[in-house]
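Hi,

Here is the structure I said I would send over. Have a look at it first, and then read on for what I found in it.

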Amino acid sequence: MREPVNRTILLFDIERFSRRDDVVQAVLRRTFHKIVDQTLEAAGVEATQQYREDRGDGLIVLLSGDVAKTVLLRSLLTTTPELLHEHNLLASDSAQMRLRIVLAAGEVAHDPHAGTTGGLVGHDLNQACRLLDAEVLRSALAERRDEHCVLAVSAPVYEGVVRHGHRGVRPELFRRADVTVKDGVLPAWIHRGAAPGGASEGEGEAARDSGNSVTPVPAPAPANAQPSAPAGVPAPGGAPAAGGVPAAGGGPAPAAAPQERPAGAVFHFHGAPVIHGSLVGGDQNGVSGGQVTGDVVLGGTRAEDGSADGSRS
């Protein structure tokens with residue numbers, strides 16, 4: 001067996017792979033390997049810096065220590081979801097693909113034997129595989145129906161990289177999850193992913209807590225309120241609508257209730273009389289119950305003989 005070497009451990013697993021038929025599985029595997037290739041290329045990982053073992057529905061990738069984990073994390077958080085989205089956008093329901101991903105680090109030895117492949121040995125690798133298969137990670141992906149993958153990181157990766165908040169790596173978007181394994185409890189941190197609309201899950205919760213914009217609802221009108229009417233048209237009840245003649249106080253002037261025309265004196269003019277003074281046009285309302293005695297003069301002045309200069313009724 002070769003001496004153990006510190007490696008970056010990257011694990012992938014296709015969700016519900018065994019439920020597909022053989023033809024679909026073959027198609028998924030081809031697409032899956034292309035996505036892994038492009039993810040590592042985006043992180044600048046060369047072929048000489050990686051070792052791969054095919055697990056049928058998944059993949060074990062060991063990376064050399066000179067590959068920056070920050071760059072790899074950014075690629076896993078951006079490139080991988082985008083590639084999965086492009087595939088699922090065009091794939092049929094039976095060929096949809098979602099991934100569980102684990103990023104860990106630790107000592108791994110290689111113990112190859114003639115005629116066989118594989119032979120990886122290491123406690124840190126075993127723990128990473130248990131994390132990949134943990135129910136908490138499966139549930140996290142199952143709950144995110146609008147997402148294409150879920151990423152978990154081990155304690156060494158979180159403590160050494162994530163929590164320091166390097167560019168493109170936001171520690172507040174990782175939540176701790178303790179995984180019970182055979183020999184104890186394995187701490188891990190699961191990325192919260194993105195909520196609908198492009199915001200992260202953490203941002204979506206913060207927005208809901210702080211209150212989203214709400215369209216104002218008009219206050220209900222009083223029970224005795226009258227419906228509005230167009231300008232210049234009297235509203236129900238005889239009050240003029242907005243736009244009527246303003247009253248002295250600045251508001252619309254109240255309209256007088258219609259009254260029955262009272263019986264009274266009727267003036268008859270013959271010919272073309274000339275009226276000196278004011279012209280009587282329309283109704284002239286005086287004091288109710290008043291009485292006028294003597295001559296009614298419609299302008300002019302009274303003559304010395306008692307006659308009126310003007311028209312007389």
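This is a predicted model: local features need pLDDT of at least 70, side-chain atom pairs count only at pLDDT 80 or more; totals for chains, interfaces and linings use all residues.

Two stretches call for a note. Over residues 195-223 the pLDDT stays under 50, and the model has 15 contacts beyond four places in sequence for them. Residues 238-248 also stay under 50, with 28 such contacts in the model.

The protein has 313 residues, and 35% of them count as buried. There are six helices and eight strands, and from the N terminus on they run β-α-β-β-α-β-β-α-α-β-α-β-β-α. If you take contacts between residues at least 6 apart in sequence, 61% of them join residues at least 24 apart. The accessible surface comes to about 19,700 Å², with 53% of that belonging to carbon and sulfur atoms.

On to the side chains. I found two aromatic pairs in the structure. In one of them, the ring centres of Phe12 and Phe32 are 6.0 Å apart and the planes sit at 75°, so this pair is edge-to-face. Phe12 is in strand S1 (residues 5-14) and Phe32 in helix H1 (residues 22-42), so the pair ties together parts that are 20 residues apart in sequence. Both Phe12 and Phe32 are buried.

Tyr158 and Trp189 make a stacked pair, at 4.2 Å centre to centre with 5° between the planes. Here Tyr158 belongs to helix H5 (residues 155-160) and Trp189 to strand S8 (residues 184-191), so parts 31 residues apart in sequence are tied together. Tyr158 is buried at a relative accessible area of 14%, and Trp189 counts as buried too, at 8%.

With a relative accessibility of 45%, Arg16 counts as partly exposed. Phe17 lies in the loop between S1 and H1 as well, but Phe17 is buried, with a relative accessible area of 9%. What does Phe17 touch, not counting residues up to four places away in sequence? The list is Gln25, Leu28, Arg29, Gly56 and Asp57. As for Gly56, its C-alpha atom is separated from that of Phe17 by 9.1 Å, and the two residues are 39 apart along the chain.

One more residue to look at is Arg74, in helix H2 (residues 69-90). Arg74 is buried yet has no salt bridge. The nearest side chain of opposite charge is Glu82, and that is 12 Å away. Leaving aside neighbours within four places in sequence, Arg74 is in contact with Thr79, Arg167, Gly168 and Val169.

That's what I have for now.

Cheers

Technical notes
Residues are numbered from 1 along each chain as its sequence is written. Side-chain values use heavy atoms; hydrogens and water are left out. Rings of Phe, Tyr and Trp (its six-membered ring) pair if their centres lie within 6.5 Å; planes under 30 degrees apart count as stacked, over 60 as edge-to-face and the rest as tilted. Helices (H or I, at least four residues) and strands (E, at least two) are DSSP runs, numbered from the N terminus. Buried means under 20% relative accessible area, exposed over 50%, partly exposed in between (1.4 Å probe, protein chains only). Lys and Arg count as positive and Asp and Glu as negative; His and the chain ends are not counted. A salt bridge is a side-chain nitrogen of Lys or Arg within 4 Å of a carboxyl oxygen of Asp or Glu. Contact means heavy atoms within 4.5 Å. pLDDT is the predictor's confidence in each residue, from 0 to 100. Accessible areas come from the Shrake-Rupley method with a 1.4 Å probe; for residues, only the protein chains shown count as cover.
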